[in-house]
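Trainee: I am new to this structure. Show it to me, and let me ask how you know what you say.

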Amino acid sequence: MLTVSKYVFLDLLKNRSILVYTLVLAVLSFTLLGLDGNSAKGLLSLLNITLLFVPVITTLFSAIYFFNSLEFIELLLSQPVKRTGILLSEYAGMALSLSAAFVAGVGVPLMILLPVGASFVLILCGVMLTFVFTSIGLLIFVLSRDKTRGIGAAIIVSLFFTLLFDGLMMAFIFAFSEYPIDKAVVAMIGLNPVDLARILMLLQLDVAVLMGYSGALFKEFLGSSSGSIFAVGCMLIWIVAPLLLALRIFKKKDL
Amino acid sequence: MTSIRTILLFLLLVPAGLSAAVIRTGPGSLLQHALDRAQPGDTILVAPGLYKQHEIVVRTPVTIIGENYPVFDGENKYQILIVSADKVNIQGITVQNTGRSSMVDMAGIRLQNVSRVTVSNCRVLNTTYGVYLQGSRFCVIENNEIRSSATDELQAGNGVHAWKSDSLLIRNNKISGHRDGIYFEFVTGSAIIGNISTNNVRYGLHFMFSHNDGYSRNIFRHNGAGVAVMYSKKVVMTGNTFGEHWGDASYGILLKDISDSRIEHNNFAHNTIGIFMEGSNRIHVLRNTFNANGWAMRVQASCEGNTIETNNFTENSFDVATNGTLMLNTWRDNYWDKYEGYDLNRDGTGDVPYHPVSVYSILSERIPSTMILYRSFLTNIIDQAEKIMPSIIPDQLRDDSPKTKKWKL
């Protein structure tokens, strides 16, 4: 199992797309952080890039890569190894190499130019998002019948989480603004890993605004450590749940 | 050291009043007796020690000098020192533990209808009201340490409380843990300079109906709100530092019904709201630094004729918020770090106006819950779209000549 993971990991490190992904992230990070002396602004721009790039690229790339290695997986299945083992090691190799790309592209510039607590949180958010969306990519892979549909689903899902979900949430908040919806809103945030990462990061940066004005619940919940714990917990569920679901489906899937 | 200082003081005082005597008193005798015997112009030297004496009334113009901070203790029941004569000078004593009462404002040192009284280098600890001035004129309160540990507004009093007074100078005091650090009500022509007011339950400095006053080079930190200026005219605020005022109703400066005032060269950092203006007219806000606040300024639609110019706005979550579309104030020549315009002729002034109110700050104003979507991709798009085609944000609230370089302040 470890051998397969290692093979996938090394294969991906040599992959041209991953290299380009790393390079683009690195160039963006260096320019954004180095452009002006305003560190908070640079960090915020980097957060926006993380929240947009990581979900889309991770989901798309992992889904495509899994489809491409379908024959390799079939070959492995002819050997006396467990199906779950193969899928897990594929997942581990994929998530680790994408995380490595993110850490090299965003983490290293951050550590060089801006070694503060918020930077660590940003790196942590990026890595967790990578794991979450690799899980989702894997789920899309096991659910879809062919590559084209898989890629389509990956695009839709990643756009849903980065853009559409917030729009729906905004509509929900507008529609029910007369009612006490604070709790529901916090619960809804748990349904979107991208928002969770954003909140986790905002707690490091814009505590002033969040605490100051937007209702007692936000202040109590998001202003305290329980808010961060909630966000991290939800993210972990977002990693584990799609992965387990994918494993269950893959066990019974007719390849 | 103390004896040398005493001798020096003595030498200084002798030429001033050749007839004046020096009276010594210690913990064994009552200070009140010494005061009653004193002639105008006498000096009373108070030896170190603990004096459980209270309601001491100063009726003659004398100088009271404490040697090595003698302690006057009110045993949590009484007031301590009441000055009812002009030209009294109090130096270097410790006053502590006044009582708390809802009938009387219990004060550590009370100045009652006097003029030319000086309170300096004293320690006022754990009192309801530290120094209480009523109907007094030309008084100086300087270099005192006024400390308490109030927890709620109703029980507590103010560090320096001035009521119906005129021409006061409050300078270089350290005030903490009261309801309001310094409280002015019907006080005119006074100056508050170089004080440090921290950790007060309500305001660091509170003005009510006090005209023609000024405060400068003070530091306000960790108070309920930094300074509240209410129902006053012609207040000058320069060179102060406002920091770390966090919370639901926290401000650097709260201006309510103020007119013809000036706010210059102040530094606002890490406040929920830097300046909150309501019903305020003709205020000149210039050359201030707003850094890393939740909202740098909140200007309600009830404000008119204010000029906000040559300030630096950096790293604030929101630059300006307002509650309506009407805007009768002038914004010009400010530096905004969020400005994204261009400067073709390179004269340092941006060629397109800057709208400091972001659409998101308006949305979150109407529906606070939308705050949860703050800085998400969607709201960035809305903000950008609004910048190109303003429809929700108040179009009149704009800086027509935003600077492209930060002011050196």
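Mentor: Start with Asp347(B), which is partly exposed, with a relative accessible area of 47%.

Trainee: Why is Asp347(B) called partly exposed?

Mentor: Buried means under 20% relative accessible area, exposed over 50%, and partly exposed in between (1.4 Å probe, protein chains only). Asp347(B) has 47%, so Asp347(B) counts as partly exposed. Asp347(B) sits in the loop between strand 38 (335–336) and helix 3 (359–366) of chain B. Helices (H or I, at least four residues) and strands (E, at least two) are DSSP runs, numbered from the N terminus.

Trainee: What should I know about the model and its numbering?

Mentor: This is a predicted model: local features need pLDDT of at least 70, side-chain atom pairs count only at pLDDT 80 or more, and totals for chains, interfaces and linings use all residues. Residues are numbered from 1 along each chain as its sequence is written, chains are lettered from A and ligands numbered from 1 in the order in which they are written, and side-chain values use heavy atoms, with hydrogens and water left out.

Trainee: What makes Tyr69(B) and Ala292(B) worth a look?

Mentor: Tyr69(B) is not a glycine, yet its phi is positive, about 50°. Ala292(B) is not a glycine either, and its phi is about 55°. Most residues other than glycine have a negative phi.

Trainee: Is Ala292(B) buried or exposed, and how do you know?

Mentor: Ala292(B) has 16% relative accessibility, so Ala292(B) counts as buried. Its loop runs between strand 32 (289–291) and strand 33 (295–299) of chain B. Tyr69(B), at 30%, is partly exposed. Tyr69(B) lies in the loop between strand 5 and strand 6 (71–73) of chain B.

Trainee: How do you know that strand 1 and strand 2 of chain B pair?

Mentor: Two strands pair if DSSP finds at least two bridges between them. Strand 1 (residues 22–25) and strand 2 of chain B have 4 bridges, in the parallel sense. Ile23(B) stands opposite Ile44(B) in strand 2 of chain B. Strand 2 of chain B also runs parallel to strand 5 (residues 63–66) of chain B, joined by 4 bridges. There, Val46(B) stands opposite Gly66(B).

Trainee: Which way do the residues of strand 2 of chain B point?

Mentor: Thr43(B) and Leu45(B) point one way, Ile44(B) and Val46(B) the other way, and all are buried.

Trainee: What makes a β-α-β unit in chain B right-handed?

Mentor: A crossover is right-handed if, with the strands pointing away from the viewer, the path from the first strand over the helix to the second runs clockwise. Strand 1, helix 2 (residues 31–37) and strand 2 of chain B make such a right-handed unit.

Trainee: Now chain A. How do you know that the span of helix 5 agrees with its length?

Mentor: The expected span of a helix is 1.5 Å times one less than its number of residues. Helix 5 (residues 83–113) of chain A has 31 residues, so it should span 45 Å; its end C-alpha atoms are 44 Å apart, which agrees. Helix 5 of chain A also bends by about 35° at Gly107(A), and Pro109(A) follows within four residues.

Trainee: Which residues of helix 8 of chain A are buried?

Mentor: In helix 8 (residues 182–189) of chain A, Val185(A), Val186(A), Met188(A) and Ile189(A) are buried. They fall within an arc of 160° seen down the axis of helix 8 of chain A, so they line one face. The arc is that of the directions from the helix axis to the C-beta atoms.

Key: Bend = angle between axes of the 7 residues up to and from the residue.
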